[in-house]
Amino acid sequence: MAEQARYEELIRQFSAFGAVKREMGRMMPSDCPAGSAAVLTLLGRYGDMRMSRLSELLAVDMSVTSRHVAHVVERGWIERSPDPADRRSRILRLTPAGRALLDQLSRRTCLMLSERLGDWSDDEVAQLTALMARLRASFDDTRAHGPEPRPPVPPVLEQTTRTPAITT
């Protein structure tokens, strides 16, 4: 029971973090959903790559990656070209339009974060960044080694001060 109590507030904060993600999503252009932005971001960070590598980095199934890639290709933000090492494979790369959009998205996101976190110290932002990276790495470790079997966890119910209605 102590183990559960240790993580209950964290679970509530994860749920509440959805509001942050939604606000970030609203600042995206209407034709650039989160999956498309993730494709652009990864290509910007890691450079040209095969679809299989992109799928791995996105941590989604190849069919999902394919849909995201098709969307950004249709808009001219990335291009697919034959892989010289294996003509059956394709290499994905940002186009100049994709690079420009990625730069625009980065500026918008940084501006929003600087506005929302303006009263945070540099150390607090650095600490949040480090802890989020560590959290993500913990989940990456789970994927790499396969999750350990765990007993089912009962759902966490919101605590309420209301008296339940009695039905007869």
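Me: Where does T65 lie in this predicted model?

Reply: T65 belongs to helix α4, which covers residues 62-74. The model is predicted.

Me: Which residues does T65 touch, leaving aside residues up to four places away in sequence?

Reply: With those sequence neighbours set aside, T65 touches M51, L54, S55, L58 and V60. A contact here means heavy atoms within 4.5 Å.

Me: What makes D122 buried or exposed?

Reply: D122 has a relative accessible area of 69%. The term exposed requires a value over 50%; therefore D122 is classed as exposed. This residue is found in helix α6, residues 122-145.

Me: Which residues form the negative surface patch?

Reply: The patch is formed by D119, D122, D123 and E124.

Me: Why is this patch called negative?

Reply: Asp and Glu count as negative, and the patch consists of D119, D122, D123 and E124; therefore the patch is called negative.

Me: How many helices and strands does the chain have, and in what order do the elements run?

Reply: The chain comes to six helices and three strands. From the N terminus on, the order is α-α-β-α-α-β-β-α-α.

Me: What share of the chain counts as buried, and what supplies its exposed area?

Reply: Of the 168 residues, 21% count as buried. The chain exposes about 12800 Å², and carbon and sulfur atoms supply 56% of that area.

Technical notes. Residues are numbered from 1 along each chain as its sequence is written. This is a predicted model: local features need pLDDT of at least 70, side-chain atom pairs count only at pLDDT 80 or more; totals for chains, interfaces and linings use all residues. Side-chain values use heavy atoms; hydrogens and water are left out. Patches are made of residues with over 30% relative accessible area and no salt bridge: like charges are joined within 9 Å, nonpolar side chains (Val, Leu, Ile, Met, Phe, Trp, Tyr) within 5 Å. Accessible areas come from the Shrake-Rupley method with a 1.4 Å probe; for residues, only the protein chains shown count as cover. A salt bridge is a side-chain nitrogen of Lys or Arg within 4 Å of a carboxyl oxygen of Asp or Glu. The place of a charge is taken as NZ of Lys, CZ of Arg, CG of Asp or CD of Glu. Helices (H or I, at least four residues) and strands (E, at least two) are DSSP runs, numbered from the N terminus. Buried means under 20% relative accessible area, exposed over 50%, partly exposed in between (1.4 Å probe, protein chains only).
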